[in-house]
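Trainee: Could you take me through this model one feature at a time, giving the general idea before the particular case?

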Amino acid sequence: MEKQQDEEIEIDLLELFGVVRARWFSILMTGIILAAVAGIGTMFLITPKYQSTSKLYIVGQTSALTSLTDLQAGAQLTQDYMVLVQSRPVLETVIDNLRLDMEYETLKGMVSLNNQSDTRILDITVTADDPYMAKEIVDEISEVSVSRIAAIMNVDEPTTVEYGHLENSPSSPNTKKNIAIGGLLGLVASAGFIVLMYLLNDTICSEDDVEKYLGLNNLGVIPIEEGAMEQMMKDKRKRKGHSGGIWNRLLLGKRSRKGNG
């Protein structure tokens, strides 16, 4: 019994595969169209973003690191530095110095911080619509943060390891990635739609369907020649028109008899 059920499932899967394979051209065209739409939308509807990164070197109480305690203290200070860099006084000072037309929350959303693993290097990254603006902002944040951190934490000023770099290519969106995703979604969606329509279609279309779904044996098949169905429809319309003409003549005959009476 279980073997029979397994065979039926295998036959159904093969049948579904055959249905999908028969419509491969439609599936492929759908994938190509959606990939083209994703590519065009990415290039013309999404504003490109540029990033620039500055790096700060975290130090402890003094600039001379002579013990393991100093090294551990520098690593622990990284989290405090990350909070201070995105603090309101620092970012509002940057806005005033550069005369930016934005609020504190907007600038904070453009800034991201990252502490590289097993290092005391703090990465400050700014994402903006313009590459020059991204570099200018990240450099100003680095300079203001260095002075602010030294004043608040009573430590030596962190060293700026690297200032922002002017990027020529946008960091986002990724056009190739969006095209690939659009094409893949098109292929999956079109194949899924074809399979769904096939599963929902319970129409009996062939003698095999009669045996499969009704469990009846076929005694014979009456073939319909090409064009026979169209001719049958024409004959049906002619008979309908002919019967209508007879009915109209009968009505006219009744009216003429009444007029003569």
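Mentor: Let us begin with a single side chain in this predicted model: at 26% relative accessibility, Lys-135 counts as partly exposed. Lys-135 forms a salt bridge with Asp-139, and the closest N and O atoms of the two are 3.0 Å apart.

Trainee: Where do Lys-135 and Asp-139 lie, and how many residues apart are they?

Mentor: Both belong to helix α6, which spans residues 131–153, and they are four residues apart, about one turn of the helix. Asp-139, at 13% relative accessibility, counts as buried, whereas Lys-135 is partly exposed.

Trainee: How many salt bridges does the structure hold, and what is the general idea behind such pairs?

Mentor: Side chains of opposite charge can pair when their charged atoms come close. The structure holds five salt bridges. One of them joins the side chains of Arg-88 and Glu-92 at 3.2 Å, N to O; these two residues lie in helix α4 (residues 88–98), four residues apart, about one turn of the helix. Arg-88 is partly exposed, with a relative accessible area of 39%, and Glu-92 is partly exposed too, at 33%. Arg-88 and Glu-92 also belong, with Glu-105, to a network of salt bridges.

Trainee: Which parts does the salt bridge between Asp-123 and Lys-55 tie together?

Mentor: The side chains of Asp-123 and Lys-55 meet at 3.1 Å, N to O. Asp-123 lies in strand β3 (residues 121–128) and Lys-55 in strand β1 (residues 50–57), so the pair ties together parts that are 68 residues apart in sequence. For the accessibility of the two partners, the cut-off to keep in mind is that buried means under 20% relative accessible area: Asp-123 is buried at 8%, and Lys-55 is buried at 19%.

Trainee: I would like to stay with strand β1 for a moment; what does the side chain of Ser-52 reach?

Mentor: Ser-52, which is found in strand β1, has a side chain that reaches the backbone oxygen of His-165 at 3.1 Å. With a relative accessible area of 1%, Ser-52 is buried.

Trainee: How should I read a crossing of two helices, and at what angle do the axes of α2 and α7 cross?

Mentor: Begin with the axes, then turn to the residues that meet. The axes of helix α2 (residues 24–45) and helix α7 (residues 175–200) come within 7 Å and cross at roughly 145 degrees, and the crossing in which α2 passes α7 is right-handed. The residues of this contact divide into 11 nonpolar, 10 polar and no charged. Among those that meet are Gly-31, Leu-34, Ala-35 and Gly-39 in α2, and Gly-182, Gly-183, Gly-186 and Leu-187 in α7.

Trainee: What should I look for in the backbone itself?

Mentor: Most residues other than glycine have a negative phi, and most peptide bonds are trans. In this chain, phi of Arg-99 is near 55 degrees, a positive value in a residue other than glycine. Arg-99 has its place in the loop between α4 and α5, and at 78% relative accessibility Arg-99 counts as exposed. Further along, a cis peptide bond joins Ser-172 and Pro-173, with omega about 0 degrees, and Pro-173 is in the loop between β4 and α7.

Trainee: How many helices and strands does the chain have, and what pattern does the chain follow?

Mentor: The chain has nine helices and four strands, and read along the sequence these follow the pattern α-α-β-α-α-α-β-β-α-β-α-α-α. Of the 261 residues, 27% count as buried. Among contacts between residues at least 6 apart in sequence, 72% join residues at least 24 apart.

Technical notes: Residues are numbered from 1 along each chain as its sequence is written. This is a predicted model: local features need pLDDT of at least 70, side-chain atom pairs count only at pLDDT 80 or more; totals for chains, interfaces and linings use all residues. Side-chain values use heavy atoms; hydrogens and water are left out. A salt bridge is a side-chain nitrogen of Lys or Arg within 4 Å of a carboxyl oxygen of Asp or Glu. Buried means under 20% relative accessible area, exposed over 50%, partly exposed in between (1.4 Å probe, protein chains only). Axes are lines fitted to C-alpha atoms, for helices over the stretch in contact, and angles run from 0 to 180 degrees between N-to-C directions. A crossing is left-handed if the near helix is turned anticlockwise from the far one by less than a right angle, and right-handed if clockwise. Contact means heavy atoms within 4.5 Å. Ala, Val, Leu, Ile, Met, Phe, Trp, Tyr, Cys and Pro count as nonpolar, Asp, Glu, Lys and Arg as charged, and the others, Gly among them, as polar. A polar contact is a pair of N or O atoms within 3.5 Å; within protein, one must be able to donate a hydrogen and the other to accept it, and residues adjacent in sequence count only if both atoms are side-chain atoms.
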